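Subject: Structure handover

Hello,

Here is the structure for you to look through. My notes on it follow below.

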2 protein chains.
Amino acid sequence: MGLTKSEIFTDVQNEIASLAKAFAHPARVAILHQLFKSNSCICGDLVDEIGLAQATISQHLKELKNLGLIKGNIEGTSVCYCINEERWEEMKEIFSSFFNQNIKTNCC
Amino acid sequence: MGLTKSEIFTDVQNEIASLAKAFAHPARVAILHQLFKSNSCICGDLVDEIGLAQATISQHLKELKNLGLIKGNIEGTSVCYCINEERWEEMKEIFSSFFNQNIKTNCC
DNA sequence: TTTATTTATCGTAATATTGCAATATACAAA
DNA sequence: TTTGTATATTGCAATATTACGATAAATAAA
């Protein structure tokens, strides 16, 4: 086994899980932190700032890009990565609905 | 390899990643959904409502409990699980700071 | 006490994720 | 064209996660 049974869950549940995976590794959290605060969002700078190999950072960037949370812009030989603001807002909405549910019963 | 290098990241980055893992599997999202909306939060009910084996649900509940997001209350032979509201609010604050950062530069 | 019920844990198999060296690709500069 | 620079991809090894049957533990009911 070890295979997530996506088909038994709702679309919303699966989407929350997919998006949460983006934040479920500190390297990706660090990348996102960097993209928010830094003036330079060049891939190579991220490799320098975060202490992981270039191949590893590239892989994490790919995952974030696949989820639509960041965009990449080719500038000559380097690539500039930025937060995809529209998708970021969409993501925030999804988590907001999940986080702000009302508790019906709480017996503990 | 395959070992996350936690020591090169900040405490905040590691905590966000740990908490995000709670939501990074649809079964745990489904469990939390159920605890919010349901009148009954008995472990056995969760097993019935979500289509996974009892051992699997128990394991997911344990992870949520380890993160402090839920509490378990023994009632005879069964166990009632509920959202830990204080911790839930704390978690929301942590994600809120992360989600609502200001973008300094956005060149894409 | 015996039996049934409920949940937790153990052991195991399978898939997923992480990390990186090596290499490929793409473009710029000489 | 050749060389250098930056990023992506491939292949592989190692750890982590997921799932569940079997079983243990704890309590309730008979």
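K92(B) and E89(B) form a salt bridge, with the closest N and O atoms 3.3 Å apart. The term means a side-chain nitrogen of Lys or Arg within 4 Å of a carboxyl oxygen of Asp or Glu. Both residues sit in helix 5 of chain B, three residues apart, about one turn of the helix. Helices here are DSSP runs of H or I with at least four residues, strands are E runs of at least two, and both are numbered from the N terminus. K92(B) is buried at 17% relative accessibility. E89(B) is partly exposed at 44%. The cut-offs: buried is under 20% relative accessible area, exposed is over 50%, and partly exposed lies in between (1.4 Å probe, protein chains only).

Please keep in mind that this is a predicted model: local features need pLDDT of at least 70, side-chain atom pairs count only at pLDDT 80 or more, and totals for chains, interfaces and linings use all residues. Residues are numbered from 1 along each chain as its sequence is written, chains are lettered from A and ligands numbered from 1 in the order in which they are written, and side-chain values use heavy atoms, with hydrogens and water left out.

In chain B, E63(B) and R28(B) pair up at 3.1 Å, N to O. E63(B) belongs to helix 4 (residues 54–66) and R28(B) to helix 2 (residues 26–37) of chain B, so this bridge ties together parts 35 residues apart in sequence. R28(B) is buried, with a relative accessible area of 8%. E63(B) is partly exposed, at 32%.

In chain A, R87(A) meets E15(A) at 3.7 Å, N to O. That pair links distant parts of the chain: R87(A) is in helix 5 (residues 85–99), E15(A) is in helix 1 (residues 11–23), and they are 72 residues apart. R87(A) counts as buried at 16% relative accessibility, while E15(A) counts as partly exposed at 32%. E15(A) and R87(A) also join E90(A) in a network of salt bridges.

Helix packing in chain B

How do helix 1 and helix 5 of chain B cross? The axes of helix 1 (residues 11–23) and helix 5 (residues 85–99) come within 11 Å and cross at roughly 115°. Axes are lines fitted to C-alpha atoms, for helices over the stretch in contact, and angles run from 0 to 180 degrees between N-to-C directions. From helix 1, E15(B), I16(B), L19(B), A20(B) and F23(B) take part in the contact. They meet R87(B), W88(B), M91(B), I94(B), F95(B) and F98(B) of helix 5. Contact means heavy atoms within 4.5 Å.

Chain A overall

Chain A has five helices and two strands. From the N terminus, the order is α-α-α-α-β-β-α. The C-alpha atoms fill a box of roughly 55 × 35 × 25 Å along the principal axes. The radius of gyration of chain A is 17 Å, whereas a compact globule of 108 residues would have one near 13 Å. This radius is taken over C-alpha atoms, and the globule rule is 2.2 Å times the number of residues to the power 0.38. Buried residues make up 45% of the 108 residues in chain A. Among contacts in chain A between residues at least 6 apart in sequence, 50% join residues at least 24 apart.

Best wishes
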